[in-house]
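We will go stop by stop, with a word on what to look for at each one.

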Amino acid sequence: MTIEYKLPDLGEDIETGDIIGVFVSAGDTVIEDQPLMEIETDKAAIEIPAPAGGIIKEVHVNEGDTIKVGQLLVTIEDGKGKAKEPELKEPKNKAVENEDEKIEAIAEKEVQQEMNADPEPKEKIKSETEDKSLEAITEKEEPLLDFKEDKKEKIASDEREHVSNNKAPASPSVRRLARELGVDINLVSGSGPGGRISEKDLRNFAPGEKPKSKSKKETPEPPKIKKQEPGGTKDTDKWGNTERIPMSKVRKLTAERLTEAWTAPHVTQFDKADITELEKLRKEFGQEVAKAGGKLTTTSIILKVIASALKIFPQFNATVDMENGEIIYKKYYNIGVAVDTDRGLLVPVIKNVNKKNITTLSVELSKLSEKARSKKISVDELQGGTFTISNLGGLGGTYFSPVLNAPQVAILGISRSAVEPVYIDGGFLPRLMLPLSLSYDHRLIDGADAVRFLRWVIEALEEPFKLPLEG
Amino acid sequence: MSTVENTTQVAIIGAGPGGYPAAFLAADLGLQVTMIDPENNPGGVCLYRGCIPSKALLHTAKVISEAEHSTNWGVTFTKPQIDLDKLRDWKNGVVQKLVGGLGQLSKQRKVTYIQGRAAFLDSNTLEIKKTDDETVQLKFEHVIIATGSRPAEIPGFPNHSPHLLDSTSALDLPDIPKTMLVVGGGYIGLELGTVYAALGTKVSVVEMTGGLMLGADRDLVRVLQKSSEHIYESIMLNTKVVDMKETKEGIQVKFEGEGSEKNELVFEKVLVSVGRKPNSENLGLENTKVQIDAKGFIKIDGQRRTSDSNIFAIGDVAGEPMLAHKATHEGRIVAEVLSGKNVVFEPNAIPAVVFTDPEIAWCGLTETEAKERKINVKVARFPWGASGRATTLDRNDGVTKLIIDPETERVLGMGIVGPGAGELIAEGVLAIEMAALASDIELAIHAHPTLSETVMESAEIYYGLSTHMYKPKREK
């Protein structure tokens, strides 16, 4: 039976996507749920799995195509039903091909004068080749039958099939390293001659193996996907060599969204929180949270504090409708956390932060960040935010002025905490100070509100009891 | 063995070219290993009655055939006198020397060796019937089934007649018959046919299909077939043996098909070499969750793990190709898996060698397979007529060819026919595994005058720029 597989509905509002990798080609045998291709939508990169096992008859789309929901992606022959009939047509084509072979074989003999004239009659060659076609049929039937059997067998037979397949061009030691790093080597593009994959190519591709030196604002390299043509056009201007590379979907979207946000009149309020005591608590309870599977970070604590602050200062949990001259207050508290990934800036959203404790938030934040980095995040997990936190403290810096994540009206930037001398009770004491930057939309929020909001956040961090007391 | 180990970390059933390398590596990686085999030393079919003894005899055949050939160069020897007992002793000596060495290596590594046959009682226990008739039980954490294969028999043939041989009895060299029929034109039949023909037997070959050596590219086989016409009395293709009757003089064989002029002939000996069958029976596999496919092969995954998670299977019993070196590599992979490494069996090229005269060897993608699977390839052939070294050997009948991906120029396959092809194929395997391009081979200096130059010149031919073959440049 032939399956015409179309791009399924990917969730709310998503109608199109760009294909950033096609992992199969006609003739490939796939098993159910094996990734066929990866597409990038406005919100996330999504792997499209095979709806059923079978043989790929045709791939209707190419890398770089923009495709719509409902568009035909691949035709799969699933090996059920009347699969044998098309196979039986094979010999005819084969005969034509073998004619070619015959001619080639004869031509070869003419060229190779060193070799004696072959007394073999042509008839004989023909019978041999016919025989081969028969062999071809029996061999081809096997994989089809295999699908009736269990999954393990399918894998084993795939394995056998693959032995002489055109596999990823990499030496055995590099292939072995790929397995150690958990990388599917067939997705890595090689930088060597003929696309040969080196150990370096592999390490550059592997998640977590990449040196984390880039700041968030830098243009991230496009992810290296096999077969992706080196999209750049080499060029020169009067000062030297240049290269033109098309923007990735994420980069383009980031640029568009930020330009839009820039039209809102921004102000940034700076302040510092003394987190000396909080840091002690963080270390003390860190292990407990780790047991639950999360990491107790300053960000996860601030998430909880912000949720309370948003309740007290509702204009920070709102959007502006200028056309109708209205303010829309959100009665839910969904906070986005900016994550630096290979593909650029992604903002997974933690839903209903006010209803979750810090341990739960820590676990959820760890999971979502990891999903964002490994491209496993769903569109749903990137939507519905009412406020955003951007923590660049891990990388350094004192203050920065974050740009709003429109249509949200406020964003909190966190920089690196540092021990500073603070004048307390007649003397200087070493205190751990955390620089905070609150950017807000001045159309809705006045400076005094912003100072009150940020002071409340700081006091909650300095005096953790404030949270249950007022929040 | 005077003492019996009742538990082991790794049990290995079968000490052939799959089992013993697995045992040795597992022991080297710190695992406690017990190996069970009916012979008194490791070696299996490969050493006792397969690869090794047949190669010892083929070496003899080669010397005899070259001595005949040398008349062309002005050197004539008298007809060789064959002392069959001495030849047999020498061959057995080769085998004993090698298996004895393996026995030593096994002891040095503290691998427990039990001589006997094992069968599963359940997924964690083996019952071993030792050669001395004692029965012991062995508990294991993991087990590797490496029981190999045996020659396939044709039901209805006089399988117990002394005139009917299989590869095992043929290697025992019972005598030198005047006439012999080899049933099956595969590598085993052709290798043993070559041996007996050199010793003076009039050998005929009968093959059911239209060609010898199915699986190998036809252009390579054609070269072998041509030279075989001098070696053999007759080669009957597309011909079936429909009946065999034992007579006083030997076996009366009835043929059907286009290859036989007479449909009944009597042969002193008939060698049946129609493939091999996996030894997956009588192992008590029904007491485990191990599954077997329709052909009797044990079903395995990439790590060679069966459907029963602590039971592994390697070598002939675990599927095609039934080659010793495939089994060895699988065995080493499993040993690594058992020591905790995340590795799988993922070769890009498994070489196949037929030790006929001339030899045929190939690896990676064959031209036939490329055509069948509609893979776009370019084939670069270098005929040995243009090789200096081949000319000095008076063996211009060889061909070396490379199967190349025209998009990347990557070498996907290699095929060779000619003396020494079995040694030359190693370069092809390395090239394919390293994802070498045709230019990598072309630019690597090959020693002169050697047959290995033909590999380099094949790569040159791909670019239309071979030194010793003028051929118009290929379109790219």
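Start in chain B by selecting strands β17, β18, β21, β20 and β19: in that order they form an open sheet of 5 strands with antiparallel pairing. Strands here are DSSP E runs of at least two residues and helices are H or I runs of at least four, numbered from the N terminus; two strands pair if DSSP finds at least two bridges between them. Colour β17 (352–354) and β19 (378–383) of chain B next, since these are the edge strands, each pairing on one side only. On average, neighbouring strands of this sheet are turned by 15 degrees against each other, direction ignored.

A note before moving on: this is a predicted model, in which local features need pLDDT of at least 70 and side-chain atom pairs count only at pLDDT 80 or more, while totals for chains, interfaces and linings use all residues. Residues are numbered from 1 along each chain as its sequence is written, with chains lettered from A and ligands numbered from 1 in the order in which they are written.

Now zoom in on β20 (residues 399–405) and β21 (residues 410–417) of chain B, an antiparallel pair with 7 bridges. Show Asp405(B) and you will find its bridge partner, Arg410(B), in β21(B).

Which helix lies across β19 and β20 of chain B? Select α13 (residues 453–462) of chain B, which runs at about 130 degrees to β19(B). Axes are lines fitted to C-alpha atoms, for helices over the stretch in contact (C-beta atoms, placed from the backbone, within 7 Å), and angles run from 0 to 180 degrees between N-to-C directions.

Next stop, the largest nonpolar core: of its 96 residues, Val270(B), Ile360(B) and Val411(B) touch the most other members. Such a core is a set of buried Ala, Val, Leu, Ile, Met, Phe, Trp, Tyr and Cys residues joined through C-beta atoms within 7 Å, buried meaning 20 or more other C-beta atoms within 10 Å of a residue's own. Helix α6 (residues 187–199) of chain B gives the most to this core, with 9 residues. Centre on Ile360(B), whose contacts beyond four places in sequence include Met213(B), Leu224(B), Val354(B) and Val417(B). A second, separate core has 54 residues, among them Met35(B), Cys46(B), Phe120(B) and Val290(B).

Finish with chain A, coloured by pLDDT (the predictor's confidence in each residue, from 0 to 100). Chain A averages 76, and 74% of its residues score at least 70. Over residues 82–165 of chain A the pLDDT is below 50.

Definitions and conventions:
Two residues are in contact if their C-beta atoms, placed from the backbone, lie within 7 Å. A residue is buried if 20 or more other C-beta atoms lie within 10 Å of its own, exposed if 12 or fewer, and partly exposed in between; C-beta atoms are placed from the backbone.
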